[in-house]
Amino acid sequence: RLHDRHIDGVLAMAWDDATIDILRGLKNVPVVTLNRMDVPEFSAVATDHYGSGKMAVEAFYAKGHRRMALLCEERDHWGARQRAKAFLDRTGSLGLAVDEQFIAYTDHQPMYGQLRRLMSLGPTGIFVTEENLGIEAIYILNEVLKVRVPQDISIFGMELSQVSQYLCPPLTTIMQPLEELCTVAFDVLMKQIVEGTREPVQVMLDNQLI
């Protein structure tokens, strides 16, 4: 439908390459991607996913954890790749015996199998990088695998502290400033529309540990 409408610009939450190829086909229409910075011809506004992965490892380490795991949703998403790279980089720099087997992806499938595999490696903490995954992980650990949270294992979440604070127990969360993300992306797009500029702009926003 993008080709059937007279549009001035696009804000794109576009994860798959097929959608990106469609957006590339638009002529003289500025595009701003959200939480994706690997399409150099488009402007982008994202939160610091690499920093979030590093922040989670450091927070776990400060609490005495030396064996930690990472659970993501989409293997090929820019943010997931950033978090996984930071996880490996920071655990490596801390001298921890953690490698790629401690990273799992659900790829939109039920997480039970991946979570059970991670638990077989004996982690004391898991960084679960989407809010809905964190809620599901706590349920599976407590009710199915009979692993108590937080007595037996610690969980970090990511995205919305407004949800995490009401879980039992409350879930430590790396919060993305989603409202700021949308506002800044809209402002970047409007500036390009009004001024007629097409030079790509990249804006990175900090996340916060809650």
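Before I start, a word on conventions: residues are numbered from 1 along each chain as its sequence is written, and side-chain values use heavy atoms, with hydrogens and water left out. Since we are looking at a prediction, local features need pLDDT of at least 70 and side-chain atom pairs count only at pLDDT 80 or more, whereas totals for chains, interfaces and linings use all residues.

On confidence, pLDDT being the predictor's confidence in each residue, from 0 to 100, the protein has a mean of 92, and 99% of its residues reach 70 or more. Helices (H or I, at least four residues) and strands (E, at least two) are DSSP runs, numbered from the N terminus; among these elements, helix α6, residues 161-164, has the lowest mean pLDDT, 70, while β9 has the highest, 98.

Now to the sheet. Two strands pair if DSSP finds at least two bridges between them, and here four strands form an open sheet with parallel pairing, in the order β1-β2-β3-β9. β1 (10-12) and β9 (202-205) stand at the edges, and because each has a single partner strand, one side of each is left without a neighbour in the sheet. Inside the sheet, strand β2 (residues 31-34) is joined to strand β3 (residues 43-47) by three bridges, and Thr33 stands opposite Ala44 in β3.

Let me turn to the pockets. On a 1 Å grid over the protein atoms alone, a pocket is an open set of points where a 1.4 Å probe fits, with protein on both sides within 12 Å along at least five of seven lines, and lining residues have an atom within 4 Å of a point. Grid points are joined across faces, edges and corners, and a volume is the space filled by probe spheres set on the points.

The largest pocket has a volume of about 330 Å³, and of the 18 residues lining it, Trp15, Asn35, His77, Glu159 and Gln176 lie nearest its centre. Two or more lining residues come from each of α3 (78-93), β7 (154-159) and α7 (178-195), with α7 giving the largest share, three residues.

The second largest pocket, at about 210 Å³, is lined by 16 residues, and those nearest its centre are Pro150, Ser154, Ile155, Phe156 and Thr172. Here α2 (49-62) and β7 each supply at least two lining residues, and β7 gives the most, with three.
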